[in-house]
Each structure stands twice: as C-alpha cells, then as structure tokens.
There are 2 protein chains.
Amino acid sequence: MPSHVNNSPVTETRFVSLDLPEGGFRLRRGGLLRRVDVAYETVGTLSERRDNVIFICHALTGDAHVAGRHEGEDHDTGWWANMVRPGGGIDTDKFFVVCANVLGGCMGTTGPSSVDPDTGEPYGSRFPDITVADIVDVHCLLLRQLGFDHVYAIVGGSFGGMQALEFAVRHPGFADKVAVIASGASLTTQALAFDVVGRNAIEQDPAFRGGDYYGGERPDAGLSQARELAHITYLSGEVMKKKFGRRRRDIPPTVPEDGKHPGPIQSVFEVESYLKHQGRKFLGRFDANSYLRITDAMDEFDLVQGYPSLADALEPVRARILAVALDGDWLFLPRQTADLSHALLSAHKDVSSLVLDAPAGHDSFLIHIEELSRAVSGFLERVPVRPPPPIDADHCRDWDALEALIPQRVRTVLDIACGGGALLNFLSSRRPWADCTGIDIDVDGAVSTLAAGHNFMLADVDEGLASVPDDSFDCAILSESIQVMRHPDRVLSHLLRIAPIGLVSFPNFGMWKIPAELVFRGRMPVTERLPYQWFDTPNIHLCTVKDFLDMCRAKNIRVEKVEYFSTLAVSRVFRLFGARSLGTSRVLVKIAR
Amino acid sequence: MPSHVNNSPVTETRFVSLDLPEGGFRLRRGGLLRRVDVAYETVGTLSERRDNVIFICHALTGDAHVAGRHEGEDHDTGWWANMVRPGGGIDTDKFFVVCANVLGGCMGTTGPSSVDPDTGEPYGSRFPDITVADIVDVHCLLLRQLGFDHVYAIVGGSFGGMQALEFAVRHPGFADKVAVIASGASLTTQALAFDVVGRNAIEQDPAFRGGDYYGGERPDAGLSQARELAHITYLSGEVMKKKFGRRRRDIPPTVPEDGKHPGPIQSVFEVESYLKHQGRKFLGRFDANSYLRITDAMDEFDLVQGYPSLADALEPVRARILAVALDGDWLFLPRQTADLSHALLSAHKDVSSLVLDAPAGHDSFLIHIEELSRAVSGFLERVPVRPPPPIDADHCRDWDALEALIPQRVRTVLDIACGGGALLNFLSSRRPWADCTGIDIDVDGAVSTLAAGHNFMLADVDEGLASVPDDSFDCAILSESIQVMRHPDRVLSHLLRIAPIGLVSFPNFGMWKIPAELVFRGRMPVTERLPYQWFDTPNIHLCTVKDFLDMCRAKNIRVEKVEYFSTLAVSRVFRLFGARSLGTSRVLVKIAR
C-alpha cells in the first residue's frame, strides 16, 4: 500500500442549493429549472490568500468524490485518487481542490431523477435538455457561492476536459490555468456513432417507457448494454488483449430438452463476463435518464459551432492551457488535441500540448500515468522569480551571440528541439518579457520546461512543426539540431512559415578535420561535436556552411547574418587563405523570409 | 459507368444437395445435419484442363453472388464486382470463379431458418453450433461434387479470409494459392467484445424467444442494433468523419404534451440516420439466428487452438499464401496479418504479406482498392518459364560477383530493399531452384515481384525485418541500400538473425572524390552513386569500407570476403600506395554469423 493511502485527507459530500435569479436557472436549449442543488467535495487546505483553488471537472459517469477518504473509510476512495493526493500531480498539500457533480447527473446534483418542485414527482422525461454550457454555468455559480470569483486552475479529463474548455471560453479570466486531458472540442463522428447505438439500446428497452420509469421496472437491459459498449471504447485493443485475450471461463453445461446436442462444458470468453459485470455494476450507481441527458450534452458539445473557425471560438480564452492527449486513446484522439492546440496557437494563446504514452487507452487518465502526473504538476507549478540561469560554459558564447541576433521587438520565441528548456531559461532571463515555447520529443524536457513557466509542445519535430499555424511566433530557433532532422529543408521552410525570422546554428561538416579523417584514417569522422559512430549517429543530414547557404539561396531563404565559431587558432590560418569554412567548427545563421 | 459493367458476365444462383455419408454431415461441435443444401454461383469459363478454378469465400453476411449480372439485371450486382470481372484483380476472362453461401447462412445454404427434415419445421434454436471447419468442409464437398478435386486458388476477405486459411490448413494441396485479405488467424479481443454486445442485443430482444421466432414477430430491434454496431467497426474513424462529420438532418419538431420546452426544430446527426438505415436495411436480407451462428463460428475460430504455436498449426499448409492487411482496418488489424505471416515464415512456407493503404477501413476490401486488385492479380499470375533477365548494365559486374558468393546449397534467398525484384529475377534465372523473397516498401515493386513468382513482404525495411523469424532464409542480401537504413547496425544484426550468411554492397564514402569535394568545393559531395543534395538525400548513414569492417569487428560479425569495385583507372594508383579504400567506389562484403 503506497504511503499516500494512509495519510489521504478526509472529506465528505456537501450539498448546496444554488441562489438562482428570479424564475430559476434558464437553460441554453430553452428549459428552466426552478431549483438547482449541487453536490460537491473539497480536499486540501484553502490558503489564507484563497489563491490555491483548483476546480476539477469529472467525466461522463463520475461524481464529486474526486479524492480522499469518506468518514469511516480506511483508504482513498476517490475516482482520481492517484492524481489528487499529497505530493500528487494535483498536490493536496499545496492546493485546495473542489469537485462537483454535474447538472443532469444522479449523484446529488439536480438531474432527471430529482423531484420536480412543480409536481412533487421525479422529472423523468420532463427534465429539460442540458448542454455543457449549462453544466459549467452551474459550477461557476457554485464556486461564486462558495466565495471564489477566481480559481488558480481548472482541470478535467474526457468529458471533464470539455467542461474545462467551455469554462475557459465562457468565463475567461476565472482561472489562470486550464488543463484539458484526453478530450477535445467535440466528439469524433465515430464516438457519436457509439453514443447513438448506446442510446438506442436504452430507448428501445420496453422498460424505458419514454423515460418515465421511476417507481416501476428500470430499463436495466438497455442501460447495461449501453455501458458494455461504452466500456469497449474506454480501453485500447492492446490492453483488452493483454487483460483478456481469448481466455475463457467455464460455465455449467446446458442440455437442450431434445437431448440432441448436449455438447461439452460450455465456456464464455472472459471479455464477455468482464463486460457483463461492468454493465451490471453500472446499474447500481447510475440512472438511465442521466446517462441519456449527459451523453446528449456531450454529443452536442461543439465549440466551433457558430464561429468561422475553432480559433475564433477560442478567442475569449485568457488562461494558460495545457492539452494532453493519450496515444492509445481511440475515443478522444490525439488528433483532436492537436486540432485544439493548433486553434489556440492560431488565436495566439498560451498553449502547451503533449501526447503521452498510454497503451491502455482512454481510461489511462483515470488509472494512473506517472507522466501525466508529472506533466500536470509541472504545468501547475507557480513560476518563481527567475534566477540567473546556470549556463553550460560551452554554450555561453553561442547563446550570447544568438540572443544578440534576436530583434528587441520579438515577444514570442519558439525553440525547436529545445531539450530541457535550458536555452529558453537563458533567453527569458535576458528577456523576461518574452513568451517562450519549446518543442521536443522528450517528456522529461516537457516537465522541466513547463515547470519553468514556458509553453511546451511534445512532438517529433519533423512532424510537429507541420501542425503549428502560420505566424504563431515572432522568432524561431533551431540550435545545433538541423542535422538530426529527417527533412532539414522542410523543417526550415516550416520555421519561416511559423515565424518571420529564424536563428539556425549547426556543426560545419566542411571543417578541415573531417576530410582529413576521411583521407588519413579512411573513416567517417568522429569529433567532439559529432561524437557518434556512422551507424548510430542521429546526425543524418550533415552539411558544410556552403551547403547551407546554397540551400538558402535555392529555397529563397534570406540570409541576414552568418557567424563563424571556432575554438582553434588554426582557423585564423584558413581565414588568411580565404578558406574560412575549413577552420569553422560551428556556424550561426540568421534567416528571414 | 465503367466499361466492365456492360460486358459483365451473366450468372445465376444454383442449388445443390450434398451427397452426404450415411447418417448425415457430422459437425465439429457435435451436431448432425441429415441434409445440407448449398447455394453457389460461377462466373467465367472453365478451361479445358479444368485448371483455372478460383473459389471465393464470402464474408460474414455475404452470399454466393460474388459477381456478374443475374438474368434481367443490367449491371453487375455482385458483392465483389470490382474485383471479380473481366480484367479485374480476379480476372473472369482467365479464371472460372466459384462462390457459395456458407453453412448456417440464410442465402440458400442450410441454416437455422431451413426446414429440419426431422420435424418439418425451421430449425430455429435447434440448429447445431457450427465452426469455420464445418463451413470449409461443406464447401470442399461442394467443389468435389462439382468435379473439382483441386482448384488453382482460394481467395477470401474478412471472415472469408478465415475460411480460406482454414481451407489451406484442413485440405492442404487442394489449392495452389490462397489469398487471405483483411483477416487473421482469430478475432482480436476487441472484435470479440463487439460481437458480445451485438449478440446480447439480439438475445435480449423479447421477440427473439430463444431463437424460435419463425412464424411470429422477429427480433428486429436486436438484429438492427447488432448491425448498427458492427457497421461502426467496418469503417475507419477517418472515413466516418469524412462521410458524416457532425452534419445533421432536420426532423420535425416534437412538442411535449405539457408544452414546457417545445424547443427548436430537432435534428439528428447524419451518422445516426445512416446507422439506423443500415440496421433497417439488414432486416430485409438477414436472419437473426444466422447472424448468431455465423458470428459464433467467427468468434470461436482460432487456428492456434490445440497447437503449441501458430507456426505448428500452419505446418500442413502447402499452398503459396498471400496475406493482405489494410492499414485503416481496426477490426482485423495489420498486426494480425503480420503475426500470420510470421508464423508462416517460421513454418518455412511460401508467404507474401502486404499492408495496403486503406484510410476507409475494413470495408475497403469490398469497395475497391486499386492496389489490392493489382496485388491479387500479381499473386494469381501464372509464372511463365523464366526468360533470360534484362540486366542493368551498370549492375552486371556487381550481380555476377554477388551471385558467385552465394553457396550452392542455398535454397531460400531474401533480398532486402528489393525494389521491383530485378536482382531476384537475375538470381532465379541463374538458380531456378532457389525460392526468392523480396522485402521493400513500394507497392509497384510488390506487384511486379509477385507476378514474377517471388514472395514479397511489403514493409519498411527498418521495421519489417524485426518481424521476420530467426533462420527464415538461407541467405540475405542488402544491395546498395545499407546507407538508407535508419539503423544500419540493427538491420545487419537482423540480417544475420534471419539468415546465416549475408551479402552487403554499398558505396564507399572513403573514396578520394568525397574528401576532395569537401576540401576543394567546401560542399557535401554529390557523385554518380550519391546523387542527392545533403538535405534530401535518403543516404543518411554513409560509411567508408573501413568503417563497415570496424563495425563488423565490434559487433562480432564474421567477414568472409571483401570485394572492391571501381570504374576508374586512378584506383590502381591508390592501391599501389596501400590506400585501396580511396580508389574504391563500391564494396561487396560477404558476412556470416
């Protein structure tokens, strides 16, 4: 049992009746609720300045009990206990976490099974259609009623991510930071299709009776079928194979009356009994009408609706956004997070986007991904006053030169292949007003870069740059990494598409040592800057300074400045003989469109 | 209207009552059928030698009408009309095509809706459980009854691919060639899970009555739900988005009786009306019991069952196998085709495997993929007596030298990065007894290599080699392509894992021209053999002959022979001075474990 389990905080579900305007709470699609109750829980301690509140939006069938022990329980029974805990991704030693059940639900917040004050009966079929906007507005009213006109962050996964996003658009400025995990600005067509089939199963169940089944038989067959189907979409094919494969479970033989084919002992696939178990278990805690209303709100959610583009829809956003996708997720696709991130960049918002390894699929965000915790924790870090950065001595001269070439007007900088963000830290210590973003493939780099207060895009650079919109940055840097790109020319053209100016530094393959090694050792050169063997080198597109300048000419790239670096005295000799390239180990080039 | 439509052959459905052994047809899972009727169709003309028969296995809900016009129809109404037609992938001008409805079906072959001769009533719930083996045995009996003890080829897609595979195992030697398209040796766990939910929908429909619904109300709600769900799995998410997106179709507004929330005009998502349409349409042509029995046979199909490995299960196979996967298919995964191909290679069978571009998903194999037609057509080509191959003059000397280094005992050769198969053609003209296989990424190369009678693996070489089992070949060749590999060292170690000896030829980056260009032109060399610019070159891991030999030493690769090639007289000068590498443009190395 991990240590956090025993010291998990105690919590309880509280209920609040919202102070509504005269007449009640008017819904986006025309309905009206005269009374709205909300169930919520809190974990952690509110700071004296009341500035450490994090609101968590739960997923489709979740509830307010995000984390902590209820009275009498001996361990944390919250649905996100791995994330929300002392020292966790959302650290309850630092933050005061609030989570509330959604409107339309059946876990304490007003929903179809609640009593309609007009009739004294459960709403049933008369419960109005709800939208994500309504859910968010109810939660915003709750937070204000609890005395919070502003929170530090809002975090949500899956359907909760849709709510977090709607919150950022609908109540800009309410939160400083918003994290959207395994979610999107709308459902995919495929996810819609699954919902259609699931809803049909409920609505065609004879016990459903149009939604007015309270007090009678419940549409259990339909609801459990819908849940079974949904459960398939929460897991990746890979994890299903691993968990169940084609294994079977024996069931007693059934002998038909005519005795013609009694057959051997029957068995069912384990995946079948698992799904049926999930379907049955769901009946004990969920209401079919709530399932219909909430999935309907999710299906209808489409941020772009009414706007020319998603970027336009996101225009009001003021929070810093973290968008996390899971690579094994086929319900909410990484592509949806990429589209969201693209739109936010187009709208010139602060956005970080990550695709994390999650072979188990959509549900991974609930179960536990160590990388997700670290990324969320990095994102939620409060950026300290920036100290003078520790600078790699070797880089010192290059970075000084590089920084000197960045025009004063530059406000947004992208460092391509930024590693752990060291160059960004250096730049923002020199230019505290600049907004820095890094792109690279390494999760550790993402965490440290996020925690330093920069934006980060976790992506293979060769592919990731293609998804950055035109003119997203004032300046882009490619420091000592053009030679590792699979397509250096495409990377450069993307660089000048997404920023009007670029700074590129690289090792010069024309330096005298290289041909010398080829001739005298008969081998591919291995130098301090190019320390790899030919077969395992990441430096797959080496070039000389002349090659680089040739390419710029051929591709109509304007070269504004070339700086030559060398640590060797011999370089001066080559320079005297007009062969400066032979004496140059590194080159820094400023390019522009 | 394409030209083939008007001249499509006329066909009709024929019915045969199988000559069964005394007692009837005994099923694998214990049942017995006293009478089995089979519905079949033929297209094309039987050759005089009766050696041009292709049997086609249909998919889950297909029928015998694979291609052709029925009397009175003005166009080809077959379910695979695009593939099976004059000049098509399965060319009805060349082949005599036979297709039959499966056992358990409802399209003319005996199934649950057929009349049980014992009772004079439809079987219903009393129809015995069937397996893929039973389906295949019925079809084998049919073919023998039609006078065919041997066919040229068996082709099947999806569930039809499972039948084709079972045919190859169960009746080895019955067909010379077997093509398995978008299929696998068993269902994935995820596909099983979808079947579970679909079957539940039927069985929980009150009208199902345990399967004895004939003459009364049919379980239409359940069957259409199962079909809706299955339909989602036949399409990729991408094509669903493209076809339907989030578009809506208006439906008349419904005003609830209490008038409280009449709402705006209602609309449904197009994907919803599409799925419901598919569900309804299915009711007109399919029977719920058939659906249950056939999906059950599919779920239970698992070639490996009862064997230590899939390779062992495939041991009886004698046919040449083509296994084709579709990259957008998420019902039958490319991984399943890879597993099948791996097992066939382990069992030292003739196997070709391709992954084709199919963004629309599983159904693509039915709809039309030009590449699929070409691949199947290439595979079905009868290999002519091999003519003396046209040889690229430039390669002549290298290939002669290469062939001379292959030991006489070699029976199976793999050419890595084989292109269009020219080297394989050359080798098999010199060694007609050798069994040649090529691996490369290009579909055109696959088609020409297949049509020349070689095996082909369509794969990225860097990744594809990893999935070839140990000791699959006697000799592997890597001709002029090690420098384009992302991981040359890994490729070499795979090469010597899958074959005991290897022949590797490559351009020598240590040749005098290269450092000379670096020094005197100051640019990365562009030569006849290395004609690319630095930034777009596929040659990302260049090496000198010494580098290569160094690596072999470091990796414990035995070098048996090194041959140096040069077209230049100057090479002799370097040789005199003991610097042979400087004068060598190409190198051929024979390596061994």
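# Close-up views of a predicted two-chain model

**Figure 1. Helix H7 of chain A against helix H4 of chain B.** H7(A) crosses H4(B) in a right-handed sense. In this predicted model, the two helices pack at an angle of about 55 degrees, and their axes lie 9 Å apart. H7(A) is therefore oblique to H4(B). From H7(A), the residues A:Val271, A:Glu272 and A:Leu275 meet B:Thr189, B:Leu192, B:Ala193, B:Val196 and B:Val197 of H4(B). Sorted by class, this contact contains six nonpolar residues, one polar residue and one charged residue.

**Figure 2. The side of chain A that touches chain B.** Contact between the chains involves 62 residues of chain A and 62 residues of chain B. Several helices of chain A supply at least two residues each to this side, including helix H4 (189-203), helix H5 (220-234), helix H7 (270-283) and helix H17 (488-498). Which helix gives the largest share of the side of chain A that touches chain B? That share, nine residues, comes from H4(A). By class, the side of chain A that touches chain B has 29 nonpolar, 18 polar and 15 charged residues.

**Figure 3. The symmetry that relates the two chains.** Chain A is superposed on chain B by a rotation of 180 degrees, with 0.0 Å of shift along the axis and an RMSD of 0.0 Å. The two chains are therefore related as by a two-fold axis. Both copies use the same surface, since 100% of the contact residues of chain A recur in chain B.

**Figure 4. Helices H4 and H5 within chain B.** Helix H4 (residues 189-203) and helix H5 (residues 220-234) of chain B pack at an angle of about 160 degrees, and their axes are 7 Å apart. Because angles over 145 degrees count as roughly antiparallel, H4(B) is roughly antiparallel to H5(B). The crossing of H4(B) with H5(B) is right-handed. Among the residues of H4(B) in this contact are B:Phe194, B:Val197 and B:Ile202, while those of H5(B) include B:Leu223, B:Ala226 and B:Leu229. The contact of H4(B) with H5(B) comprises eight nonpolar residues, four polar residues and one charged residue.

**Figure 5. Helices H2 and H3 within chain B.** Helix H2 (residues 132-145) and helix H3 (residues 159-170) of chain B have axes 9 Å apart and pack at an angle of about 75 degrees. H2(B) is thus roughly perpendicular to H3(B). In this contact, B:Val132, B:Ala133, B:Ile135 and B:Val136 of H2(B) meet B:Met162, B:Gln163, B:Glu166, B:Phe167 and B:Arg170 of H3(B). The contact of H2(B) with H3(B) is made up of six nonpolar residues, one polar residue and two charged residues.

**Figure 6. A:Pro21 in its loop.** A:Pro21 lies in the loop between strand E2 (14-17) and strand E3 (25-26) of chain A. Is A:Pro21 buried or exposed? A:Pro21 has 9 other C-beta atoms within 10 Å and is therefore exposed. A:Arg34 is 13 residues away from A:Pro21 in sequence, and their C-alpha atoms are 9.3 Å apart in space.

How values were computed:
Residues numbered from 1 in each chain as written. Chains lettered and ligands numbered in written order. Predicted model: local features only at pLDDT ≥ 70, side-chain atom pairs only at ≥ 80, totals over all residues. Contact = placed C-beta atoms within 7 Å. Helix = DSSP H or I, 4+ residues; strand = E, 2+ residues; numbered from the N terminus. Nonpolar A, V, L, I, M, F, W, Y, C, P; charged D, E, K, R; others polar. Least-squares fit on C-alpha atoms with pLDDT ≥ 70 in both. Axes fitted to C-alpha atoms, helices over the stretch in contact; angles between N-to-C directions. Parallel < 35°, antiparallel > 145°, perpendicular 65-115°, else oblique. Left-handed = near helix turned anticlockwise from the far one by under 90°. Buried ≥ 20, exposed ≤ 12 C-beta atoms within 10 Å, placed from the backbone.
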